[in-house]
Amino acid sequence: MKDLLAISDLSREEITLILDTAEAMQEIGERPIKKVPTLRGKTVVNLFYEPSTRTRTSFEIAEKRLSADTLNIAVSTSSVLKGETLADTAMNIEAMAPDMIVLRHPSSGACHVLARLCRSRIINAGDGMHEHPTQALLDAFTIRERKGRIEGLKVTIVGDLLHSRVLRSNIELLTKLGADVCACGPRTLIPVGLARHGVTVSTSVDEAVAGADVIMMLRIQQERMQGAFLPSVREYFSTFGMTAARVARAKPDVIIMHPGPMNRGVEIASDVADGPYSVILEQVANGVAVRMAVLYLLAGGADASD
Amino acid sequence: MGRTLTRIAHEILERNRGVEELCLVGIRTRGVPIARRLARAIAEINKHEVPTGALDITLYRDDLMRHAVGPQPVVRSTEIPFSIDDKKILLVDDVLYTGRTIRAALDALIDFGRPKSIQLVVMVDRGHRELPIKADYVGKNLPTSLSQSVQVHLLEVDGRDEVEIQDA
């Protein structure tokens, strides 16, 4: 495997290898010296065309713990503002011979374009409404750590199903590993043909969370809402917001997840976000180990097809 | 193998005069069960439990990024649930060959703290060192040729205790 572009490219075995490797990487974060020499002399460029705190910091910490040299390019301070295209920016970075590029871009498929143009390995850190593979991997890692398995669990995903790359990556991954996935959101935010991906689609959050092992909340992405998708934020909260009363309908040992950043009082109530079922901060902690695993596995040899 | 381990346990106790500061660290995979057995052998002699850990050296290998093709080696977990600061560490492995694994293990150990000393225990020393590394306790010296391969099989991992030399 040269690049990590989408969960849909990964086999069940490859996903399991990444999760197992992440388990070993976790221990490095508990050491007094949180660093191993594995990627010494490798250069990783973090190229972010969208604002991000969690994902960018998480990648950077993962890269540093593996001793890679890291370079951050935030578009707000780069030549992109002078009108340079993605391809030109990429070719210029490529000319300086980095080993890997971590790309976050508002257009779906941007990483695929880059992967074709560049010899460097490309890691997708979120492309438009398409995929966010490392988020789905860290979600799966968190579920596996808490529940011991993924197969056979009922995972309910609630929120903006239309604009969410986290949803698409998670559906791909969870169905591949045998979870029973239910996606729930307002009718205006359900993409056409979602049910074809092997998930149950629901518009009633009370029905969707009943008996769930895992509840995964998605952010209401106000920056992507150009149309009139929702009457109001308050109405959304009363119909779809995750409240303690709704959590009570799930299994007694349910876990509540959120990829962040949270809109408190929009998709999730504060007492649920900070409550005993919430594993939201564990997800963030696990993100570093999962990204270390991805960096390590991609840094080595590519397979024969490459 | 049992007799060899008992002999090494006696040698360790003799050379270190006491066990209070000793810790065993096995190198994955087969160094780990050997370290556990050594801990038991020491406990049988003087009723003292020596703390035992497991070290995975994959992330410290010097040949890691040199393969142009082929998947990365699998990383397994390192478990050293005690501080190694000011301890006498007994590093345990099955076969001592080029010395590169031990070099990686020394680097890895030093990331965990500053031990008082590190001593090396191996079941088999087959020669052909590529680095200036020497074992302090050796189960058996086995002169081999470079074309041969030496495998230590253990009950815990392979279902039998045996040292096997194969001609390529």
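With which side chain does the side chain of Asp62(B) make a polar contact? The legends below take up this question first and then turn to other sites of the model, which is a predicted one.

Figure 1. The side chain of Asp62(B) makes a polar contact, at 2.9 Å, with the side chain of Arg100(B). When residues up to four places away in sequence are not counted, Asp62(B) touches Arg100(B) and Arg103(B). Thr78(B) is 16 residues from Asp62(B) along the chain, and the C-alpha atoms of these two residues are separated by 18 Å.

**Figure 2. Chain B as a whole.** Chain B contains four helices and seven strands, and their order, read from the N terminus on, is α-β-α-β-β-α-β-β-β-α-β. Along the principal axes, the C-alpha atoms of chain B fill a box of roughly 50 × 35 × 30 Å. The radius of gyration of chain B is 16 Å, which agrees with the value near 15 Å that a compact globule of 168 residues would have. Of the 168 residues in chain B, 48% are buried. Among the contacts in chain B with a separation of 6 or more, 69% are accounted for by residues 24 or more positions apart.

**Figure 3. The largest nonpolar core, with Met25(A) among its residues with the most contacts.** In soluble globular proteins, nonpolar side chains tend to be buried together. In this model the largest nonpolar core has 88 residues, and those with the most contacts inside it are Met25(A), Leu137(A), Ile143(A), Leu55(B) and Leu91(B). Helix α11 (residues 280-299) of chain A gives the most to this core, contributing 11 residues. Met25(A), leaving out residues up to four places away in sequence, touches Leu66(A), Ala289(A), Met292(A), Ala293(A) and Tyr296(A), together with Leu59(B) and Val75(B). Another core, of 26 residues, lies apart from the largest one, and Leu13(B), Val50(B), Leu142(B) and Val152(B) are among its members.

**Figure 4. Leu66(A), a buried loop residue of chain A.** Leu66(A) lies in the loop between α2 (54-65) and β2 (69-74) of chain A, and at 0% relative accessibility Leu66(A) counts as buried. Not counting residues up to four places away in sequence, Leu66(A) touches Met25(A), Val36(A), Pro37(A), Thr38(A), Leu39(A) and Arg40(A), as well as Met292(A), Leu295(A) and Tyr296(A). Although Leu66(A) and Ala293(A) are 227 residues apart along the chain, their C-alpha atoms are separated by 9.8 Å.

**Figure 5. Helix α4 of chain A and its buried face.** In helix α4 of chain A, which spans residues 110-117, the residues Ala110(A), Cys111(A), Leu114(A) and Ala115(A) are buried. Viewed down the axis of α4(A), these buried residues fall within an arc of 135 degrees, so they line one face of the helix. The elements of chain A against which the buried residues of α4(A) pack are α3 (86-95), β3 (100-105) and β4 (121-127).

**Figure 6. Ser120(A), in the loop between α4 and β4 of chain A.** Ser120(A) has a relative accessibility of 3% and therefore counts as buried. The side chain of Ser120(A) makes a polar contact with the side chain of Glu94(A) at 2.6 Å, and a polar atom of the Ser120(A) side chain lies 3.3 Å from the backbone oxygen of Pro98(A). With neighbours within four places in sequence left aside, Ser120(A) is in contact with Lys2(A), Asp3(A), Glu94(A), Pro98(A), Asp99(A), Met100(A) and Ile101(A).

Figure 7. Over all chains, the structure holds zero disulfides. Cys118(A), at 5% relative accessibility, counts as buried, and Cys184(A) is buried with a relative accessible area of 0%.

Terms used. Residues are numbered from 1 along each chain as its sequence is written. Chains are lettered from A and ligands numbered from 1 in the order in which they are written. This is a predicted model: local features need pLDDT of at least 70, side-chain atom pairs count only at pLDDT 80 or more; totals for chains, interfaces and linings use all residues. Side-chain values use heavy atoms; hydrogens and water are left out. Buried means under 20% relative accessible area, exposed over 50%, partly exposed in between (1.4 Å probe, protein chains only). Helices (H or I, at least four residues) and strands (E, at least two) are DSSP runs, numbered from the N terminus. The arc is that of the directions from the helix axis to the C-beta atoms. Contact means heavy atoms within 4.5 Å. A disulfide is a pair of cysteine sulfur atoms within 2.5 Å. A polar contact is a pair of N or O atoms within 3.5 Å; within protein, one must be able to donate a hydrogen and the other to accept it, and residues adjacent in sequence count only if both atoms are side-chain atoms. A nonpolar core is a set of buried Ala, Val, Leu, Ile, Met, Phe, Trp, Tyr and Cys residues joined through side-chain atoms within 4.5 Å. The radius of gyration is taken over C-alpha atoms; the globule rule is 2.2 Å times the number of residues to the power 0.38.
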